[in-house]
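Have the model open as you read.

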Amino acid sequence: MSITTEFFRHPMLTGAVAASSGFLATAMTRGLGLEGASSVVELGPGTGVFTSAVLALLPASASFTAVEINPRLASSLRSRFPSVSVVCGSASSLGSLGLAPPDVVISGLPWTAMPSSRQQEILDSACSILSPRGCFTTFAYAHTAWTPPARRFARLLRSRFFVVERTPVVWRNLPPAYVYRAALPVCAGVSRERSAAPAS
């Protein structure tokens with residue numbers, strides 16, 4: 001199934017015009033400890049480019065849940081990846097799924113296309129289920145880096161994780177993109193600055 005076709009069919013339910021490249025998928029899954037993970041959650045898997053990369057590293061005994069809001073893409077993912085539990089729903093409702101705290105949350109969601117409230121809602125949802133020593137990874141397109149939504153998301157990410165790093169640009173992607181890797185989540189909805197403040 002083409003992500004481009006789905007974008008024009010349901011633009012509000014599809015965050016990208018073109019599928020991510022294998023080079024970006026490699027950057028997204030590198031250094032996350034997937035080889036030893038027991039539980040992984042993917043947000044917005046789309047056509048499954050990142051899903052395939054995760055499965056290539058993940059132990060067979062690990063649980064893997066993918067949350068996709070587009071029903072056609074969700075149906076296609078179920079057919080292609082029978083070992084993955086595909087949930088057709090919103091990434092803001094992760095707490096209602098009854099998942100074991102994942103070691104890794106990997107996101108292909110279009111953060112710069114979201115209003116501030118939606119960015120916060122989904123990021124807090126991801127933090128609320130993530131293992132205390134878990135990792136979160138996502139990407140952003142390089143040409144949007146200095147736009148207000150992209151800068152706002154970067155601030156949100158740094159307020160919700162104690163460790164955040166950004167990779168060099170992956171040029172062999174359309175459009176070129178970079179990856180955020182974040183670790184050690186702060187409690188959902190509580191900024192790093194507030195969590196570090198001494199008790200009164």
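## Spaces and packing

Sorted by class, the largest cavity is lined by five nonpolar residues, one polar residue and no charged ones. Here Ala, Val, Leu, Ile, Met, Phe, Trp, Tyr, Cys and Pro count as nonpolar, Asp, Glu, Lys and Arg as charged, and the others, Gly among them, as polar. A word on ground rules: this is a predicted model, where local features need pLDDT of at least 70 and side-chain atom pairs count only at pLDDT 80 or more, while totals for chains, interfaces and linings use all residues. Residues are numbered from 1 along each chain as its sequence is written, and side-chain values use heavy atoms, with hydrogens and water left out.

Back to that cavity. The lining residues are Thr112, Ala140, Ala150, Phe153, Tyr178 and Tyr180, and the space inside comes to about 30 Å³. The structure holds one cavity of 30 Å³ or more. Both α6 and β7 give at least two residues each to the lining of the largest cavity. (Helices, H or I with at least four residues, and strands, E with at least two, are DSSP runs numbered from the N terminus.)

The second largest pocket has a volume of about 150 Å³. Its lining is made of Ala145, Trp146, Ala150, Arg151, Ala154, Arg155, Arg158, Arg166, Tyr178 and Tyr180. By class that's six nonpolar, no polar and four charged residues. Again α6 (148–160) and β7 (177–185) supply at least two residues each, with α6 giving the largest share, five residues.

As for terms, the search runs on a 1 Å grid over the protein atoms alone: a cavity is a set of points where a 1.4 Å probe fits but cannot get out, a pocket is an open set with protein on both sides within 12 Å along at least five of seven lines, and lining residues have an atom within 4 Å of a point. Points are joined across faces, edges and corners, and a volume is the space filled by probe spheres set on them.

Now for the helix pairs, with axes fitted to C-alpha atoms over the stretch in contact and angles running from 0 to 180 degrees between N-to-C directions.

| Helix pair | Axes come within | Crossing angle |
|---|---|---|
| α2 (22–29) and α3 (49–57) | 9 Å | roughly 50 degrees |
| α5 (116–129) and α6 | 11 Å | roughly 30 degrees |

The α5 angle makes α5 roughly parallel to α6, as angles under 35 degrees count as roughly parallel, over 145 as roughly antiparallel, 65 to 115 as roughly perpendicular and the rest as oblique. The crossing of α5 and α6 is right-handed. On the α5 side, Ser116, Gln119, Gln120, Leu123, Asp124 and Cys127 meet Pro149, Arg152, Phe153, Leu156, Leu157 and Arg160 of α6, where contact means heavy atoms within 4.5 Å. Those residues split into six nonpolar, three polar and three charged.

What about the backbone? A cis peptide bond joins Leu174 and Pro175, with omega about -10 degrees, and Pro175 lies in the loop between β6 (161–166) and β7. Leu184, in strand β7, has a phi near 60 degrees, a positive value in a residue other than glycine. For context, most residues other than glycine have a negative phi, and most peptide bonds are trans.

Key. A crossing is left-handed if the near helix is turned anticlockwise from the far one by less than a right angle, and right-handed if clockwise.
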